Amino acid sequence: MLHLAPTVTYMSTMTQARRPGHSKRSGHPAPRARLISGRLALALMSSFGALTSFYLLLSVTPMYAVSAGAGSAEAGVVTGSLMLATVAAEFASARLMRRYGYRAVFAAGALLLGGPALALLGPHSVVMIVAVSIARGLGFGLNTVVIGALVATALPPERRGEGIGVAGVVACVPAIVALPSGVWLAGNAGYPVVIAITAVSALVPLAAVQWLAGPARRQEADPGAAQPAGLLASLRSGGQLRPSLVFAATTVSAGVVAAFLPLAAGVSGGTAALGLFVQAVASTAGRWWAGRYGDRHGHAGLLVPGLLMAAAGMGVLIWVAAPAALITGMCLFGIGFGISQNATFALMIDRAPVSGYGTASALWNLAYDAGYGAGPAVFGVFVVYTGYPAAFALTGMLMVAALVPAVRDRAALAAGAGRDGALRPPAGGGQVRGDVETGVTAPSYC
């Protein structure tokens, strides 16, 4: 699921700033900040537990509903209610984090994600399964947002993009392993085993709550610290809106291929499964590489290449019935999707005050889930009239359209740097808050 705080570097120091890995006095490479800390490890383990709990039951609950007498429509309501509740929680999460703090929201999310699952061990009905899914969706939405903010605060600013990539690798493991494992366990060991593991995976991270505090309280005590904008205010900010639109365009396609690639005419089940696996691995690699590259050269420059590569991958799916074309297209799309994931999240974190990381994380997660859910819904309507090859190509065109906000973001960044100096990764954790479109910056330190 799942962040660089730029500092202002004036023209007189631009030469040194272009070489952030060197000491200004000796010219020798400066020691790199440690990437993995105890706080980051705890945040990543918490992320792993929450995602494992989520994916284990994702495909199992519709099967469980059918065993309780549900039809296909009611089984679909189980998953739909889960995702709607997730989006609702993401809308509320930023305000809850500002009011109650990171620890309380994380604990509430873990309890809602794991506790209600135990109700499935008793006599079950479709209504009860839907109620459990709603509660778990609320918990998952809260957890994903707060863990994203915790990861951002636990990383050294000059290596934040790389750290986001590492978090992406951790997040991909449950998607690859837990999703099919839940179905296998349900068929071979029974539903109670899956339900028990699901509950434990979500609840065990509660042991780390006391070490998962974010910096919001400390920063709010400083009268000179920048105050975070709310979710709606962030949506009105070009510096936050543009990356979220770019990311949403790619998540639409991600939702489409996940839902419809196995259904495409001429595609065997084995080929579709291999294509989805290749896409998952490629997106993980693209995310990690984008983090390392962005830390050194800037994340804004990756928006356009990420979109173009992802769009090219969807374009190759015009020949979806050819296995080689399908695998190639999914590889290209996966790399582009991974680049977009990392670059957009890093940019949105860069442009928020530290106490606003929760809002940035909420907005990014909303773009993810909204696009991932809306894409298949719309695709299913027009694929009936166009056929799969044309429908995949049209989906890719949405990412081409997203080049407009991507190019405008680079232009706004260049304009802001030209007026106020170059924005560079900080050496000591200083931060600039403000929309690059205005060029107005307010430095704050944590």
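The exercises below work through a helix, a surface patch and a set of aromatic rings in a predicted model.

**Exercise 1.** Find how the span of helix 13 compares with the expected value, and list which of its residues are buried.

Solution. 
- Step 1: Helix 13 covers residues 303-316, which is 14 residues.
- Step 2: From its first C-alpha to its last, helix 13 reaches 20 Å, close to the 20 Å expected at 1.5 Å a residue.
- Step 3: The buried residues of helix 13 are Leu 303, Val 304, Gly 306, Leu 307, Ala 310, Ala 311, Gly 313, Met 314 and Val 316.

**Exercise 2.** Identify the residues of the nonpolar surface patch and the elements that give two or more residues to it. Then decide whether Val 173 is buried, partly exposed or exposed.

Solution. 
- Step 1: The patch is formed by Phe 48, Val 173, Ile 176, Val 177, Leu 274, Phe 277 and Val 281, and together they have about 560 Å² of accessible area.
- Step 2: Two or more residues of the patch come from helix 7 (160-188), and two or more from helix 12 (269-297).
- Step 3: Val 173 lies in helix 7.
- Step 4: Val 173 has 35% relative accessibility, so it counts as partly exposed.

**Exercise 3.** Classify the aromatic pair of Phe 333 and Phe 337, and state where the two residues sit in the chain.

Solution. 
- Step 1: The model has 18 aromatic pairs.
- Step 2: In one of these, Phe 333 and Phe 337 lie 5.7 Å centre to centre with 5° between the planes, and the pair is stacked. The cut-off for stacked is under 30 degrees.
- Step 3: Both residues belong to helix 14 (residues 323-350); because they are four residues apart, about one helical turn separates them.
- Step 4: Phe 333 is buried because its relative accessibility is 0%, and Phe 337 is buried at 3%.

**Exercise 4.** Describe the pair that Phe 337 forms with Tyr 368, and name the ring cluster that includes both.

Solution. 
- Step 1: The rings of Phe 337 and Tyr 368 are 6.1 Å apart centre to centre, with 80° between the planes, an edge-to-face pair.
- Step 2: This pair links distant parts of the chain, since Phe 337 is in helix 14 and Tyr 368 is in helix 15 (residues 357-386), 31 residues apart.
- Step 3: Tyr 368 has 19% relative accessibility and therefore counts as buried.
- Step 4: Ring pairs join Phe 247, Phe 333, Phe 337, Phe 345, Trp 364, Tyr 368 and Tyr 372 into a cluster.

Note on methods
Residues are numbered from 1 along each chain as its sequence is written. This is a predicted model: local features need pLDDT of at least 70, side-chain atom pairs count only at pLDDT 80 or more; totals for chains, interfaces and linings use all residues. Side-chain values use heavy atoms; hydrogens and water are left out. The expected span of a helix is 1.5 Å times one less than its number of residues. Buried means under 20% relative accessible area, exposed over 50%, partly exposed in between (1.4 Å probe, protein chains only). Patches are made of residues with over 30% relative accessible area and no salt bridge: like charges are joined within 9 Å, nonpolar side chains (Val, Leu, Ile, Met, Phe, Trp, Tyr) within 5 Å. Accessible areas come from the Shrake-Rupley method with a 1.4 Å probe; for residues, only the protein chains shown count as cover. A salt bridge is a side-chain nitrogen of Lys or Arg within 4 Å of a carboxyl oxygen of Asp or Glu. Rings of Phe, Tyr and Trp (its six-membered ring) pair if their centres lie within 6.5 Å; planes under 30 degrees apart count as stacked, over 60 as edge-to-face and the rest as tilted.
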